[in-house]
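Please consult the sequence and the structure while reading.

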Amino acid sequence: MSTLSESANTALQLTLSLDPTLWAIVGRSLSVSATACLMACGAGLVLGAWLAVARFAGRGAALAVLNTLLAVPSVVVGLVVYLLLSRSGPLGALGWMFSFKAMVLAQALLVLPVVTALTRQVVEDAERAHGEQLRSLGAGPLLRSLLLAWDERYALLTVLIAAFGRAISEVGAVMIVGGNIDGFTRVMTTAIALETSKGDLPLALALGLVLLAVVLALNVLVGLLRRWRERVDGAASATPVGVAA
């Protein structure tokens, strides 16, 4: 294919024809990112909520480290996981290198700071608004963090969606620990990089279109959740409060 229009036309045909090679890569990519997000969110939501309400010596340093981890390049995360899972590494006995599990671990570690930091901010804002009331009822930091996180569960859904978008668009870490093996560890981002270097632009464009569609769907879902929450909050605030006779 020598022109952009021809490549785009072929890419569209590959997408609409349900090309097995393309959709196998898409399915693997979605599986890796979804699994990684479930793992990261399980720990990140609890840790972020606790950091929002806990007060301890060194909290400022802990938050500084957390904010620093938000800017760590994905290739650095991939390198750390590679060293952990290599034969001479502490987790080498697991035999996870260049496997689905290795990619899940890398993406989970990459997404964990994002989930933790965003959750901390959401719950900390709720703590300023409602924390004093919960403290007066005798709720300790852990219980208070869980109650506030539950109260902000709809806002935290957007955190989960943002984390999934971060995971599925990542390329560096999964390239290092997955090896981009055809039929086993090749995901959308690594396949796009490989096919572009090979000059197979139609397949690269088709994968790019699917990736854009996934990211667009996530953004639409975030917008719908935000509008729904605004309507719910608006309806709740507009409900008249009964006055006792």
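In this predicted model, C41 is buried, with a relative accessible area of 9%. C37 is likewise classed as buried, at a relative accessibility of 6%. The points below take up the sulfur atoms of these cysteines and then the setting of S33.

**Cysteines and disulfides**

- A disulfide requires two cysteine sulfur atoms within 2.5 Å.
- For C37, the closest cysteine sulfur belongs to C41 and is 5.5 Å away, so the two are too far apart for a bond.

**Position and burial of S33**

- S33 belongs to helix α2, which covers residues 20–53.
- Is S33 buried or exposed? S33 is buried, because its relative accessibility is 0% and buried means under 20%.

**Polar partners of S33**

- The side chains of S33 and Q107 form a polar contact at 3.1 Å.
- A polar atom of the S33 side chain also lies 3.5 Å from the backbone nitrogen of I168.

**Residues touching S33**

- Which residues does S33 touch, if those up to four places away in sequence are not counted? They are Q107, F164, A167 and I168.

Key: Residues numbered from 1 in each chain as written. Predicted model: local features only at pLDDT ≥ 70, side-chain atom pairs only at ≥ 80, totals over all residues. Heavy atoms only, no water. Buried < 20%, exposed > 50% of the residue type's maximum accessible area, 1.4 Å probe, protein only. Helix = DSSP H or I, 4+ residues; strand = E, 2+ residues; numbered from the N terminus. Polar contact = N/O pair within 3.5 Å; in protein donor to acceptor, adjacent residues only side chain to side chain. Contact = heavy atoms within 4.5 Å.
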